[in-house]
Amino acid sequence: MFASGEIETTRLRRNLGITCNLGFSCGGFEDLGVRLEGENMVVPEEEDEEKVSETETETASFQMIQQPFQQKLVVGYALTSKKKKSFLQPKLEVLARRKGICFVAIDLSRPLSEQGPFDVVLHKLLGKEWQEVIEDYQQKHPEVTVLDPPGAIQRIYNRQSMLQGMADLNLSDCSGSLSVPKQMVVLKDSASSADKVVEAGLKFPLVAKPLWIDGTAKSHQLFLAYDRRSLAELDPPLVLQEFVNHGGVMFKVFVVGDIIKVVRRFSLPNVSNCEKNKVDGVFQFPRVSSAAASADNADLDPRVAELPPKPFLEALVKELRTLLGLRLFNIDMIREHGSKNVFYVIDINYFPGYGKMPDYEQVFVDFFQNLAHAKHKKKHCK
């Protein structure tokens with residue numbers, strides 16, 4: 001495929017952007033000349049064709065021939081514009097291309113089965129129509145990995161069903177214990193729910209959360225209700241969850257397949273019995289998902305800030321992957337104040353803001369590479 005003659009060979013290498021690190025790219029050969037320095041993309045300057053020696057040309061050709069086979073992976077994605085912007089950062093795309101991973105946008109105006117072929121479908125869109133599209137595609141293309149099954153995702157969009165089954169997880173041999181706060185669902189008329197709260201044995205203050213996670217900012221607004229009268233200020237349907245003192249620190253446990261990353265976030269401070277008697281009304285939680293709420297570098301009491309034990313997290317994530325049927329999610333977890341390793345899971349999110357997770361680009365490249373290797377192995381074992 002190479003033109004004869006030193007100058008023609010050099011010009012061909014320059015025009016196609018071929019380097020010694022030849023890899024798969026859906027964006028064209030021009031993408032292959034891009035390298036990373038820190039977090040900045042750098043495109044190497046073109047060499048003067050008259051300065052390239054015959055030895056250099058022969059060496060480049062030899063290295064291209066000797067480059068080992070690289071299993072490629074095509075990831076079709078259907079994401080909101082906001083999720084695409086936060087997730088598909090240039091650094092991720094460059095690192096992925098180097099490993100033969102290509103991201104291709106799914107055209108929502110065309111039938112999904114007519115697009116591709118894809119090895120993986122990555123999606124985070126809401127609505128019954130999209131759910132039916134994905135489920136139909138899964139049936140027709142069982143060889144494609146769908147991240148993640150719509151039915152499994154739907155479960156954690158409902159905060160009533162989200163935490164069900166936690167008590168049955170097998171964590172008995174781990175260095176920690178897990179619970180969920182007492183909670184109840186209010187479908188209508190929050191004011192009249194006060195008596196039901198008492199009957200259910202819930203104690204104030206209560207965390208109030210919208211029942212449905214529908215992708216809007218409102219569905220992530222959390223409130224702290226200090227007394228019975230404050231319930232009238234809340235808009236159902238919602239979940240009322242007992243507030244657990246946790247030293248003002250929450251752990252966000254990011255899960256990408258088998259990979260686990262944990263970050264600390266500031267949360268509400270402890271509420272004393274004295275405060276319970278003096279404070280009334282509703283208090284809105286600050287957003288703890290943003291990077292500005294990070295507590296990783298803060299000077300905190302080690303008894304509060306110490307990360308959950310690694311064996312405990314590994315066992316928990318393994319159980320949750322099976323229970324939920326998901327590979328991309330995060331767990332919001334707190335440690336009961338005054339305890340060593342008594343933890344509560346207070347929320348689970350599907351395909352969270354991974355851009356706030358340290359080294360998320362490399363984590364996802366490794367994850368997709370593992371999927372490619374598994375598919376290649378399965379294909380050749382038949």
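Good morning. UniProt, in an unreviewed entry, lists D347 and N349 under "binding site"; its positions are given in the numbering used here, feature names are shortened, and annotations may be inferred rather than shown by experiment. The structure is a predicted model, in which local features need pLDDT of at least 70, side-chain atom pairs count only at pLDDT 80 or more, and totals for chains, interfaces and linings use all residues. Residues are numbered from 1 along each chain as its sequence is written, and side-chain values use heavy atoms, with hydrogens and water left out.

I begin with D347. This residue lies in strand β16, residues 342-350; strands are DSSP runs of E with at least two residues, numbered from the N terminus. D347 counts as buried because its relative accessibility is 6%, buried meaning under 20% relative accessible area with a 1.4 Å probe and protein chains only. Leaving aside residues up to four places away in sequence, D347 touches R159, M162, L163, K209, N330, I331 and D332, where contact means heavy atoms within 4.5 Å. With R159, the side chain of D347 makes a side-chain polar contact at 3.4 Å. Such a contact is a pair of N or O atoms within 3.5 Å; within protein, one must be able to donate a hydrogen and the other to accept it, and residues adjacent in sequence count only if both atoms are side-chain atoms.

I turn now to N349. Strand β16 also holds this residue, and N349 is buried because its relative accessibility is 14%. Again excluding residues up to four places away in sequence, the contacts of N349 are I156, H220, K252, L328, F329, N330 and D332. Thank you.

Key:
Helix = DSSP H or I, 4+ residues; strand = E, 2+ residues; numbered from the N terminus. Buried < 20%, exposed > 50% of the residue type's maximum accessible area, 1.4 Å probe, protein only.
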